[in-house]
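Let's take a walk through a protein model together. Have the sequence and the 3D view open, and look things up as you read.

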Amino acid sequence: MQQRIEPVRASSQRFYYGAFLITGLMVLAAGKPLSSALVYCNVTDLRFKQLSNGVSIEIEADGALDWEQGAGFQWGRSKTIPLHFPGARSKLGKNLYNVGLYPVSHITVGVPQDPQEGVGLDVVIYNQIPASFEIRATPSQQAIAITVESDRPIEVNNKKEKATESAGATRTLSVSYHDEKLTVHAVKAKIHELLGRIAQETGINVVLDDTVQKEVSLHVTDLPVAEVIRGLASAYGLALLERGGVYMLSEGVPTDLGPYNLSGTETFPMRYVKAETAAGLLPTFLFQYLHKNDEQNAVVMTAPTQMLDKVRADLQKIDVAPPQILIEALALELTSTREKDLGLGLTFQDNRREVTSDSLLGELNFRVLDALPRDWEARLKALEQKGKARVLANPRMAVVNGRQATISIGSQRFIQVQFLQWGNQQERIETVDIGVRLEIRPWTGGNGEVTTFINTRFSNINQIDPQSGLPLLATREATTSVRVKDGETIVIGGLKLSQKFSTKRKVPVLGDLPLLGPLFRSANKSEVESELVLFVTPHILTDEGRLSNADREREIRDRFLQEPAKKR
């Protein structure tokens, strides 16, 4: 029996193996996997809410929701947040969400161009400004939460609590119409009922968009109907249009063609302030109405006409020319110990202020002068002619209030930098600036005083590296913030630098001889000490860009233009 059974088992195995092989070949020929059904979930809800520090967005599905970065995704601050859900379909019923909560503008939901069997979903969050964001999955893995951070705190109104409180309040509504005058007394009345009663009593035609769901309180006596309706629209931010004897009202924020038809769009060009800055200075609830045109530096707004008039007036108050400040600066280097002592002799004092610079102790001192002495330029030129002083920079520049002015005078040199890469020490050559770099940021509040932030850096070659032959740099830097009156001079001193130089000379061939070589070689060592002194004088300019002191204006023009100023 065993001999009869073995052939049957062998043939059975060959049959099963052959059937499996044929099935596999058929599947490969068809080009389809064994399981052609894709596993996916449905996105069932997309909701958002305002936070005090931004906007929270939640995307929820009926199964495990996986996401990945969409095309153009970038971490950090971004104006768009593209997300791709490879295993999801949409059951939201809409593809556009008008969020209108700062800083988020709207959200789009769509299917990618090449979805596999219709599975795949793209969600893009559009921000009004580049904003930081955070993405995290919920513990159930069936939803993700996106938090878009705001650059300013936002007041959050709890509408549900207010609605609950208002529901318990006493509602009253009375409308009377005599001698073409309307009298209305309403407390927490639904706007549909109020306008319906007004239409009944007066016989006017009123059209109200169904999206308007408001409770209004109104007390007016003996006013024309048109004024009552216009006041109602202005008080509750509704868009109003009168056409052919029909009053049409809708929500102020256009979300579809109906409200958009009743709204207006206007461009407000900014002359002195950036459009983004001007829009940010308006109340936060207006952000959903505002847009920025960077090319024209303009604020664009779509809203009810009465709101446009109010915003126009507010922007005119914001768009004010900022003050301009003229900066006179002088960077002076006094060299050698003796010369430095001569520099210390440049001590000025009056009944209120004194200026000194103790370079011997290496202290950093700054004082304030009402004005430089009359013989200041003559004494400076005398020092220059003797080689005891050198003017490194003497700029004169105007800067807008609160902005930074920078001047750099010098050249570029090359230095050798060592760094670690993959555990190995590497070297590269980099360029550095040699000379004077001055950064000044003045600010005035219009009280005749100027708060000035000053950062000065002076770099020069200290010595040559004997191994690489590259220069080694010596840098002197000072940073301070001082408040002075218009036209007063800030003096910064004590930036001391000591340099030692060694020079070797020899007679060719003879200087290399043993024993006798030193007779034909010479070495010279020298030491140079220098001090950097900085004088900074801010002047508040008039709206015409001139100094308030005409004599001082003429003196500066004579100095910098080397010619007398023409009398006007």
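## A first pair to find

Which residue forms a salt bridge with Glu-58? The partner is Arg-47, and the closest N and O atoms of the two are 2.9 Å apart. A salt bridge here is a side-chain nitrogen of Lys or Arg within 4 Å of a carboxyl oxygen of Asp or Glu. Glu-58 sits in strand E2 (residues 54–61) and Arg-47 in strand E1 (residues 41–51), so this pair ties together parts that are eleven residues apart in sequence. Helices (H or I, at least four residues) and strands (E, at least two) are DSSP runs, numbered from the N terminus.

## What kind of model this is

Before going further, some ground rules. This is a predicted model, where local features need pLDDT of at least 70 and side-chain atom pairs count only at pLDDT 80 or more, while totals for chains, interfaces and linings use all residues. Residues are numbered from 1 along each chain as its sequence is written, and side-chain values use heavy atoms, with hydrogens and water left out.

pLDDT is the predictor's confidence in each residue, from 0 to 100. For the protein chain the mean pLDDT is 75, and 71% of the residues reach 70 or more. Over residues 1–36 pLDDT stays under 50, and the model has four contacts beyond four places in sequence for that stretch. Residues 564–568 also stay under 50, with five contacts beyond four places in sequence. A contact means heavy atoms within 4.5 Å.

## The chain as a whole

Zooming out, the protein chain has ten helices and 31 strands. Of its 568 residues, 36% count as buried. Buried means under 20% relative accessible area, exposed means over 50%, and partly exposed is in between (1.4 Å probe, protein chains only).

The protein chain exposes about 34600 Å², and carbon and sulfur atoms supply 51% of that area. Accessible areas come from the Shrake-Rupley method with a 1.4 Å probe; for residues, only the protein chains shown count as cover. Now for contacts in the protein chain between residues at least 6 apart in sequence: 60% of them join residues at least 24 apart.

Asp-45, Arg-47, Glu-58 and Glu-60 are linked in a network of salt bridges. Are these residues buried or partly exposed? Arg-47 counts as partly exposed at 34% relative accessibility, Glu-58 is partly exposed at 28%, and Glu-60 is partly exposed at 30%.

How many salt bridges are there by this rule? The count comes to ten. One of them joins the side chains of Arg-171 and Glu-215 (2.7 Å, N to O). Arg-171 lies in the loop between helix H2 (159–167) and strand E11 (172–178), and Glu-215 lies in strand E14 (residues 215–223), so the pair ties together parts that are 44 residues apart in sequence. Arg-171 is partly exposed at 39% relative accessibility, and so is Glu-215 at 30%.

## Rings meeting rings

A search of the whole structure finds three aromatic pairs. Rings of Phe, Tyr and Trp (its six-membered ring) pair if their centres lie within 6.5 Å; planes under 30 degrees apart count as stacked, over 60 as edge-to-face and the rest as tilted. Phe-73 and Trp-75 are edge-to-face, at 4.9 Å centre to centre with 85 degrees between the planes. Phe-73 and Phe-133 are edge-to-face too, at 5.7 Å and 80 degrees. Phe-73 lies in the loop between strand E3 (68–69) and strand E4 (78–85) and Phe-133 in strand E9 (residues 133–137), so this pair ties together parts that are 60 residues apart in sequence.

Ring pairs link Phe-73, Trp-75 and Phe-133 into a cluster. Phe-73 is buried at 13% relative accessibility, and Phe-133 is buried at 9%.

## Charges over rings

The charged end of Arg-89 sits over the ring of Tyr-40, 4.1 Å from its centre. Lys-94 lies over the face of Tyr-97, at 4.7 Å from the ring centre. The rule is that NZ of Lys or CZ of Arg is within 6 Å of the ring centre and within 35 degrees of the ring normal.
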